[in-house]
Amino acid sequence: MYTIPLNATGTRSLTVDDKHLATIDEFNLFRDLIDSNGFVDETVLEKLRLTVRGLILSQCPGCEKLFDLCVDVLYHEKMKSYGLHQLILLYIDWKSKKSTEN
């Protein structure tokens, strides 16, 4: 389990599990997510939410994992662009550690 801050002051946080990171990896949810400007803002968060919603509606295999990710992380009441940026950084770190273990 990992904890990411959802705001700059660190007063709000969110617990992210390995299964959430594995779901992000399995569906390549962060691929081509951020525009060329490199900023993670509310439009990027909305783009991710719409992508995941579309995958769930298409009833793809593994939709229950996506649904859990939505309920626990993406649609968390305090999730904003700052939290998404922290989630992306956590995913990058998690992915690099996972690849060095293999």
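Which elements cover the buried residues of α2? The structure is a predicted model, in which local features need pLDDT of at least 70 and side-chain atom pairs count only at pLDDT 80 or more, while totals for chains, interfaces and linings use all residues. Residues are numbered from 1 along each chain as its sequence is written, and side-chain values use heavy atoms, with hydrogens and water left out.

The cover of the buried residues of α2 includes α3 and α4. Helices (H or I, at least four residues) and strands (E, at least two) are DSSP runs, numbered from the N terminus. In α2, the buried residues are Val-44, Leu-45, Leu-48, Arg-49 and Val-52; buried means under 20% relative accessible area, exposed over 50%, and partly exposed in between (1.4 Å probe, protein chains only). Seen down the axis of α2, these buried residues fall within an arc of 135 degrees, so they line one face of the helix; the arc is that of the directions from the helix axis to the C-beta atoms. The face turned away from this buried side carries the exposed residues Thr-43 and Leu-57.

Helix α4 (residues 81-101) contains Ser-81, which counts as buried because its relative accessibility is 17%. Leaving aside neighbours within four places in sequence, Ser-81 is in contact (heavy atoms within 4.5 Å) with Val-40, Asp-41, Glu-42 and Leu-45.
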